[in-house]
Each structure stands twice: as structure tokens, then as C-alpha cells.
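I opened a new page for this protein. My notes follow the order in which I looked things up.

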Amino acid sequence: MLVAFSVAPSGTSDADGSVGHAVAEAIRVVRASGLPHRTDAMFTTIEGEWDEVMAVIKSATDAILTTSPRCSLVLKADIRPGVTNALDTKVETIDRYLADG
């Protein structure tokens, strides 16, 4: 499965008004998981089996909660049993269609 998620503290921020430090701690958890992932400006997408992906998202949320009493979490999932490497193949498919005109 692929899960795109966004996690951020709610009601608190760094001295400069950003939530970057807390979000970086959550991304550190994702990177340490060893699961395939990709982070962009709005979401981190992680690929794996249901239980392992959800465990990483919970740990990333817990990392936010060490800096803030409240956390915002947004999830979007593509659940396709038996499919692997979707993190790359979905993008490759679109690139192929774009190249064909």
C-alpha cells in the first residue's frame, strides 16, 4: 500500500513561526524505518504493508507530540494487495503517457 500523510503540531510553532523542527523529527522517524518513502513540500508518501506503514505513521505522530500537546494528521491511502514498487511505477506510468503526447 501507499500512504501519503502530513503530520504537524497544532497550536505551537518554532520561534520563527514555522513548524519545521517538529516536522523534521517526524520525517527522521520515516527515514529510519527503512521503508520506501518520498517527501515533498506537502506530504510524505510511504510504501509497505498495512501494519508496518501505520506503525511508522504512529511513530511520526508521536514524534510531533513530544513537541506539542496537539497534532494534525492527514492520510490518503492506495491499498492494492500484492502490488510492490508503486512509489516509482505510478510516476513512471504517468511519465510514459506524457511522453506519448
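Which side chains meet in a salt bridge at 3.2 Å, N to O? I found Glu25 and Arg28. I take a salt bridge as a side-chain nitrogen of Lys or Arg within 4 Å of a carboxyl oxygen of Asp or Glu.

I noted the basis next. The model is predicted: local features need pLDDT of at least 70, side-chain atom pairs count only at pLDDT 80 or more, and totals for chains, interfaces and linings use all residues. Residues are numbered from 1 along each chain as its sequence is written, and side-chain values use heavy atoms, without hydrogens and water.

I looked up the fold and read β-α-β-β-α-β-α along the sequence. Helices (H or I, at least four residues) and strands (E, at least two) are DSSP runs, numbered from the N terminus.

I went back to the first pair. Glu25 and Arg28 are three residues apart in helix α1 (residues 20-33), so about one helical turn separates them. Glu25 is partly exposed at 25% relative accessibility, while Arg28 is exposed at 52%. Buried is under 20% relative accessible area, exposed over 50%, and partly exposed in between (1.4 Å probe, protein chains only).

I searched the whole structure and found four salt bridges. One of them joins Arg38 and Asp88 at 2.7 Å, N to O. Arg38 sits in strand β2 (residues 37-39) and Asp88 in helix α3 (residues 86-99), so this pair ties together parts 50 residues apart in sequence.

Another pairs Asp78 with Lys90, with the closest N and O atoms 2.6 Å apart. Asp78 is in strand β4 (residues 71-78) and Lys90 in helix α3, twelve residues apart.
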